[in-house]
Amino acid sequence: MLNLLTVFNFLGIMAFSISGSLKAFEKKLDLLGVFVLGFSTALAGGIMRDVLLGVYPPTNISNVYYPIFALLGSAITIVFYSYIRNFNNALLIADAIGLGTFTATGAEIGLDHRLNIVGVALVASITAVGGGAVRDLLSNEIPIVLRRDFYATPTIIGGLIFPPLVSLLGIGPSTLSVFILVTTLRLIALFKKWELPKVGYRH
Amino acid sequence: MLNLLTVFNFLGIMAFSISGSLKAFEKKLDLLGVFVLGFSTALAGGIMRDVLLGVYPPTNISNVYYPIFALLGSAITIVFYSYIRNFNNALLIADAIGLGTFTATGAEIGLDHRLNIVGVALVASITAVGGGAVRDLLSNEIPIVLRRDFYATPTIIGGLIFPPLVSLLGIGPSTLSVFILVTTLRLIALFKKWELPKVGYRH
Amino acid sequence: MLNLLTVFNFLGIMAFSISGSLKAFEKKLDLLGVFVLGFSTALAGGIMRDVLLGVYPPTNISNVYYPIFALLGSAITIVFYSYIRNFNNALLIADAIGLGTFTATGAEIGLDHRLNIVGVALVASITAVGGGAVRDLLSNEIPIVLRRDFYATPTIIGGLIFPPLVSLLGIGPSTLSVFILVTTLRLIALFKKWELPKVGYRH
């Protein structure tokens, strides 16, 4: 089961990296910008988590495979840009798998550092959506995660249920359950077009 | 006296969180955006300070009461949004109290980590105004603190006088003095409409 | 040779600080904004590097001379603003020297922390261009380094060749070589108007 999460982790890194690289195309950045946005979208969330928890150097830098897969995602986007937009649904599914994986591993590492339940939910969510927020900040936009979509909400739910789940089931099954829950919630949200209520008007 | 600062700290967290939550309304974000901007405005300054000083995990995450009060500020803003704008002066006063408290505690922690006087002023100021800067960055705006108002200046003054004050009076009275000085300067600035000179034109 | 790099380091800090301070003028910030942008442009890259590597407190804060030279750069910009724009070429050369110095010292510190080659290139580049990216983010712009110019590319090349160079020549000569390489590449790029290819259109 852990091997499955490892595979999903690399799949998620590539999906996130492609999403960042596509943003660089949208913003007409240069080649370096494509690699930086891909890298940041895929790895900045985990780097933020490690910086908050005091893990040095962050795993996403010290483990050479993570950067390589992120750079690979950008290279794929550059080479196959004309075709990649036809795989929108495949990308959204891979992104949902990445969201679930990053939430589960983030929650596990947070609990490992003896955070309280709010802290676990926070670092799980930052691991999963922090990279996308950095992508949007570097693109001079309000992070999309704050504006619409049921995207960060599954990661917060996953983070909040992880600590009680661990005391019931142990680490391994809880990590897998959170992964399944977050990915499933995200996929349902995508196909049902769930959104959180907007604010900003009298209500 | 320390108990007083603890109360002021929670008051400041709620005032800062309400200011962030109101910004989320202004920017028409969704519900999650309200909580994220409230949380960031209230707690990101202290988190940055702890990241710079190597305090892991940051107190604003490991102490569960700080996030809870920040989330409470957002909840209050959502429920009482129609009324809260009538309490503008009360909010500005609470914000000034938060500014003083965060500066004083930030300076104390900085000195505790044996920073030089410039470093103490820096972390005191980051503790107090860093959250508001994150709020503005997430809202896709130039941080207001860089553009106008006599807002960060009192925090820098407070941070610069803290180390010499401690060698005269000891920690407790110095912390209280810095709190009083910063809050008073900020309130005078508010009512006298003090601003730093602008640049950008021939002068 | 190390003394030379120390001199170049201070020259780079002042050049970077002046570049940030000029941006604050362009954006019509207030006096505080000038100092904050100057400080961030000169020192935020090194602070990010130290945060990623777990160096506490970051050298750019704990060593009082670095902040002082950064603040001096802002003060010079404020006093000599009318004249400083006539020294554009001098500033670009000083900036290129800063770029080379920051890359070389960043690579050295990264290798010192036993990073792999990708990690060394990453922290070398962040040290050199991270401050400019913070300057642009605080100015509500897409970091220029992602959009055009052959600016970050020399720092990545310098970071990538540093580890193999060290195993051939040892630390001292490698640091000097990387400095010379990066600064020379940047100066050639400036005068030849090299740019990376843009993306965002069918290609």
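**Entry 1**

I began with Lys193(A), which sits in the segment after α9 (171–192) of chain A. Helices here are DSSP runs of H or I with at least four residues, strands are runs of E with at least two, and both are numbered from the N terminus. The model is predicted, so I noted its limits: local features need pLDDT of at least 70, side-chain atom pairs count only at pLDDT 80 or more, and totals for chains, interfaces and linings use all residues. Residues are numbered from 1 along each chain as its sequence is written, chains are lettered from A and ligands numbered from 1 in the order in which they are written, and side-chain values use heavy atoms, with hydrogens and water left out.

I looked up the backbone of Lys193(A). Its phi is near 55 degrees, a positive value in a residue other than glycine. Most residues other than glycine have a negative phi. Is Lys193(A) buried or exposed? Its relative accessibility is 70%, so Lys193(A) counts as exposed. The cut-offs are under 20% relative accessible area for buried, over 50% for exposed, and partly exposed in between, with a 1.4 Å probe and protein chains only.

I then checked Asn140(A). Its phi is positive too, about 60 degrees, and it is not a glycine. Asn140(A) belongs to the loop between α7 (117–138) and α8 (152–169) of chain A. At 24% relative accessibility, I log Asn140(A) as partly exposed.

Most peptide bonds are trans. I found a cis bond joining Tyr56(B) and Pro57(B), with omega about -20 degrees. Pro57(B) is in the loop between α2 and α3 of chain B. Chain C has a cis bond between Tyr56(C) and Pro57(C), again with omega about -20 degrees. Pro57(C) lies in the loop between α2 and α3 (59–62) of chain C.

**Entry 1. Asp136(C)**

I picked a charged residue in helix α7 of chain C, Asp136(C). Its relative accessible area is 2%, so Asp136(C) is buried. Which residues does Asp136(C) touch, not counting those up to four places away in sequence? I list Lys23(C), Glu141(C), Ile142(C), Pro143(C) and Ile144(C). Contact means heavy atoms within 4.5 Å.

**Entry 2. How chain B relates to chain A**

The copies use different surfaces, with 13% of the contact residues of chain B recurring in chain A.

**Entry 3. Chain B against chain A**

I counted sides here. The contact has 30 residues of chain B and 29 residues of chain A. About 2,500 Å² is buried between these chains, and carbon and sulfur atoms give 70% of that area. Asp30(B), Leu32(B) and Ile61(B) supply 24% of what chain B buries against chain A, more than any other three residues. Buried area is the accessible area (1.4 Å probe) that two parts lose on being put together, summed over both.

How many salt bridges cross the interface of chain B and chain A? The rule finds 0. It asks for a side-chain nitrogen of Lys or Arg within 4 Å of a carboxyl oxygen of Asp or Glu. I did find 6 residue pairs in polar contact between chain B and chain A, both residues at pLDDT 80 or more. A polar contact is a pair of N or O atoms within 3.5 Å; within protein, one must be able to donate a hydrogen and the other to accept it, and residues adjacent in sequence count only if both atoms are side-chain atoms.

On the side of chain B that touches chain A, α1 (2–26), α2 (31–53), α3 (59–62), α4 (65–79) and α7 (117–138) each supply at least two residues. The largest share, 9 residues, comes from α2(B). By class I get 20 nonpolar, 6 polar and 4 charged residues. Ala, Val, Leu, Ile, Met, Phe, Trp, Tyr, Cys and Pro count as nonpolar, Asp, Glu, Lys and Arg as charged, and the others, Gly among them, as polar.

**Entry 4. Chain C against chain A**

This contact takes 29 residues from chain C and 30 residues from chain A. The two chains bury about 2,500 Å², 70% of it on carbon and sulfur atoms. In chain C, Leu52(C), Leu146(C) and Val199(C) lose the most area to chain A, together 25% of what that side buries. I count 0 salt bridges between chain C and chain A, and 6 residue pairs in polar contact, both at pLDDT 80 or more.

Helices α2 (31–53) and α7 (117–138) of chain C each give at least two residues to the side that touches chain A. The largest share of that side, 4 residues, comes from α7(C). The class tally for the side of chain C that touches chain A is 17 nonpolar, 6 polar and 6 charged residues.
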